Amino acid sequence: MEDQPLRATPDDLASVNLADPQTFADYDLSDYWRTLRATRPLYRHPAVGDSPGFWVLSRYADIVALYRDNTTFTSERGNVLITLLGDGDSAAGRMVPVTDGQRHKELRNVLLKAFSPRVLSRVGEHVRRTTRTLLAAAIDRGAGDFALDVASKIPMATICDLLGVPSQDRDYLLSLTKSAISSDDQGEYAEAADAARNNILQYFLGMVEERRAAPRDDVVSVLAGSTIDGEFLSEDEIVLNCYSLILGGDATSRLAMIDAVHSFAANPDQWASFKRGDVSVKSATEEVLRWASPTMHFGRTALEDVEIHGTRIPKGDVVTVWNVSANRDERVFADPDRFLVDRSPNKHIAFGHGPHFCIGAYLARLEISEMLLALRDFTAGFEIVGPVQRIYSNLLTGISSLPVQFEPASAELEELVL
């Protein structure tokens, strides 16, 4: 079953409101981004109602350059549209994504210690077994919602294991993370997002108090016991970074996994090539990430007057960078609008770039790779058998419901799980 087609972008660029989640629900913006890259690489997005105007960068090279520049631009006044166009981010200076300079380096190093490859190597086997067990069960049922039954459970299980979240709380936290930065229901978007963010923070506040009293072998305990210049991290710093980790640790992997199945179903030649083993899992994983580009944008605020493409950007202006456009840039990727699992080179920026490069990139790649391996081992093929529902967000892009019919591989699933 094909997706419900989105409308083509209006010819009038000014009529496209990138701050409104409804824009992404209604329109296929491919032509819009193509036009901006070709003719307006620095575009002034107009003010809409009470929402101020902002700058839009759409080319890969410009976006990478801005990601690298934490001197001219800052994340501390927000790094996504909802905060950049509002009252800023109250977590600035305490949560890694919205902290710059020396404090950013210090906080990031604490988190890198908690998410080092040595630590993550211990979770690899768990990710593999969880993935294969869930997918085998889905294939055994024959049909189901891949997004809900499989992909939603794997990243959340992994990040919760690392953070030390009890199994009985994970469905609750998954529902909160989904609502905090996107929604399956556009009618509840704003109110549900605010409530979800507050509930996540309150949840981790309770965990921090528990771990300070009785440390365990988990990331929350590591953060609670970490010091910078001899000072323990504040309670706010720990809670806010746990919030950031659980949101980031869930969304990218979950949405990329779902998109992988959707894209393979739409491109049977690419599935056949991958299924035969003509393409490495590593190569396929990178193309899934480029193609899905789950996090559409980030943003910065100019700390001083700066010139881009001959245009002066005044101090204090917001500049947004759109990964979803950069990862389709014709100047960098051959045939950018084709899903090609053998693509090489593939220097996508699905995880951002520069000082704020995603801390969880290693883990996300591990999770996506294990899902792709399981698909190759367990199923001969699959098709979409019901309406595809997309999330409602101006930050994330992806699918929240993907009804799939699986054709089992010939080998016994029980053997393959082991």
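Let's start with Arg132, which is buried at a relative accessible area of 3%; buried here means under 20%, exposed over 50% and partly exposed in between, with a 1.4 Å probe and protein chains only. The model is a predicted one, in which local features need pLDDT of at least 70 and side-chain atom pairs count only at pLDDT 80 or more, while totals for chains, interfaces and linings use all residues. Residues are numbered from 1 along each chain as its sequence is written, and side-chain values use heavy atoms, with hydrogens and water left out.

Arg132 sits in helix H7. Its side chain makes a polar contact with the side chain of Asp377, at 2.8 Å. Such a contact is a pair of N or O atoms within 3.5 Å; within protein, one must be able to donate a hydrogen and the other to accept it, and residues adjacent in sequence count only if both atoms are side-chain atoms.

Now follow H7 to helix H17 (residues 361-378): their axes come within 9 Å and cross at roughly 40°. H7 is therefore oblique to H17, given that angles under 35 degrees count as roughly parallel, over 145 as roughly antiparallel, 65 to 115 as roughly perpendicular and the rest as oblique. Contact means heavy atoms within 4.5 Å. By class, the H7 contact with H17 holds 10 nonpolar, two polar and five charged residues.

H7 (residues 124-141) has another partner in helix H9 (residues 153-163), with the axes 10 Å apart and an angle of about 150°. That angle makes H7 roughly antiparallel to H9. On the H7 side, His126, Val127, Thr130, Thr131 and Leu134 make the contact, facing Lys153, Ile154, Thr158 and Asp161 of H9. Here the classes come to three nonpolar, four polar and two charged residues. H7 passes H9 in a right-handed crossing, and the crossing of H7 with H17 is right-handed too.

Finally, let's visit Pro314, in the loop between strand E11 (311-313) and strand E12 (318-322). Pro314 is partly exposed, at 23% relative accessibility. Leaving aside residues up to four places away in sequence, Pro314 touches Trp55, Ala302, Glu304 and Asp305. The C-alpha atoms of Pro314 and Glu125 are separated by 51 Å, and these residues are 189 apart along the chain.

Key: Axes fitted to C-alpha atoms, helices over the stretch in contact; angles between N-to-C directions. Helix = DSSP H or I, 4+ residues; strand = E, 2+ residues; numbered from the N terminus. Left-handed = near helix turned anticlockwise from the far one by under 90°. Nonpolar A, V, L, I, M, F, W, Y, C, P; charged D, E, K, R; others polar.
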